Amino acid sequence: MADLSKVSERDRLKPRPGKAPHWQRLRAGCFLGFRPAIGGGVGTWVARVHDADADKYRVRSLGDFGTLSGSERFAAAKKEAEAWAELVETGGVREEKIETVADAARAYLKNKADANGIAAGVFRRHVFDDPIAKVKLDKLRRHHLTAWRKRLEDAPALMSRNKGGVTRSKKRAASTVNRDMVPLRAALAALLPPGAPGTDAAWQEALKPVKGASGHRTLYLDRDERRKLLAHAEGDVAPFLHALCLLPLRPGTHAGRVAGDFDKRTRTLVIGRETKTGKARKITVPQATADFLDGEAKGKLPVAPLFRQASGKPWDKDAWKGPIKEAALAAGLPSGTCAYTLRHSVITDLVTGGLPILTVAQISGTSVAMIEKHYGHLVGNGAEEALSRLVL
């Protein structure tokens, strides 16, 4: 058996029938293989790992690591093979039917409580109809995602759509690109180990966020301004905006709530699920908020959207953008008013009202660090009492 770590020994290897690799045992149940190129070339690397649950070996192509020197390729391939082995041995290897990037995105939505929120919108707009969707996960490389990122950056960001069908757009901001890359990065990370840094196998490097792109959200609407916004909100969007003014959840989280998430008897609302345990994350809401939620849930099946468009579909970013802009314009509010303005305004009121930062973070579904970063300078008792002050 050849020592694949030595360039001289790899160079002497001959292609085998059926493209069978030359194997080297890394440890029990984990092998690294090298497949010499026919007619010359750098050759490709392969990993083989025993899956105890399925009682069979799984094989994965690692690529050629052609951007590295010959002496560096073995170490890079070994590292990636061992990372994939850990994924297989801990039960994290993907199911056989998850073959493409689109499959990975669908699997991510299936396992995500907020399946109708931001991630679903990003995949619908920028993944499912994009060339990246058909790329096999085993063949996914950095250049595929670099090209996808460029298409994302070049895609205009929708500003508004008026009743006549005319749309206005602007150049996509770096912060927007960062946010839109998150779902795809998460979907791929759930199935693929990071590639060796500096190689084309390092798919994750193409999705690194732009540093310093996210600034503080400075647009704040006080309670009177929020009342004006609601007064000028037309039709089906009004209840959705009302919910944004009552609870500091992300717009996508609000949009993903179904009628069964609200329990009138206990005045609790499910706002998500713990990633590791799958247990529901709930908050207790004030009576006035509970009455509002009960009114929205009444007569709906448990799986029906709690807040829905006139068509019956749940709200998403594309659907709520235009109506919010129109309501803000009619109410004489700043042009930058958006769904996240309401979340920011509500969080600001909770922090300045004396609610502990930890509690604000738990209610709003973010970290204490993020609350301290963006709102720490506003810090001035109970959660329910503070939430009750938000009733408009």
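In this predicted model, strands S7, S8 and S9 form an open sheet of three strands, in the order S7-S8-S9 and with antiparallel pairing. The edges are held by strand S7 (262-263) and strand S9 (280-284); each has a single partner strand, so one side of each is left without a neighbour in the sheet. Strand S8, residues 268-273, runs antiparallel to S9 and is joined to S9 by five bridges.

S3 and S4 form a hairpin with four residues between them. In the turn of this hairpin, Asp 55 has a positive phi of about 55°.

| Helix pair | Angle | Distance between axes |
|---|---|---|
| H8 (residues 237-246) and H12 (residues 339-352) | about 30° | 8 Å |
| H3 (residues 101-110) and H4 (residues 118-126) | about 165° | 10 Å |

Take H8 and H12 to begin with. Their axes are at an angle of about 30°, and angles under 35 degrees count as roughly parallel, so H8 is roughly parallel to H12. On the H8 side, the contact is made by Leu 241, Leu 244 and Cys 245; on the H12 side, by Ala 339, Leu 342 and Val 346. Sorted by class, this contact has six nonpolar residues, with no polar and no charged ones.

H3 and H4 pack at about 165°. Angles over 145 degrees count as roughly antiparallel, and H3 is therefore roughly antiparallel to H4. Is the crossing of H3 and H4 left-handed or right-handed? The crossing is left-handed. Ala 105, Tyr 108 and Leu 109 of H3 meet Ala 119, Ala 120 and Phe 123 of H4. The class count for the contact of H3 with H4 is six nonpolar, no polar and no charged residues.

Aromatic rings are the last topic. A pair of aromatic rings is described by the distance of the centres and the angle of the planes. Across the whole structure, a search finds eight aromatic pairs. One of them is formed by Phe 292 and Phe 307, with 6.1 Å from centre to centre and 20° between the planes; the pair is stacked. Where do these two residues lie in the chain? Phe 292 is in helix H10 (residues 287-297), while Phe 307 is in the loop between H10 and helix H11 (317-331). The two residues are 15 residues apart, and the pair links distant parts of the chain.

Methods. Residues are numbered from 1 along each chain as its sequence is written. This is a predicted model: local features need pLDDT of at least 70, side-chain atom pairs count only at pLDDT 80 or more; totals for chains, interfaces and linings use all residues. Side-chain values use heavy atoms; hydrogens and water are left out. Two strands pair if DSSP finds at least two bridges between them. Axes are lines fitted to C-alpha atoms, for helices over the stretch in contact, and angles run from 0 to 180 degrees between N-to-C directions. Angles under 35 degrees count as roughly parallel, over 145 as roughly antiparallel, 65 to 115 as roughly perpendicular and the rest as oblique. Contact means heavy atoms within 4.5 Å. Ala, Val, Leu, Ile, Met, Phe, Trp, Tyr, Cys and Pro count as nonpolar, Asp, Glu, Lys and Arg as charged, and the others, Gly among them, as polar. A crossing is left-handed if the near helix is turned anticlockwise from the far one by less than a right angle, and right-handed if clockwise. Rings of Phe, Tyr and Trp (its six-membered ring) pair if their centres lie within 6.5 Å; planes under 30 degrees apart count as stacked, over 60 as edge-to-face and the rest as tilted.
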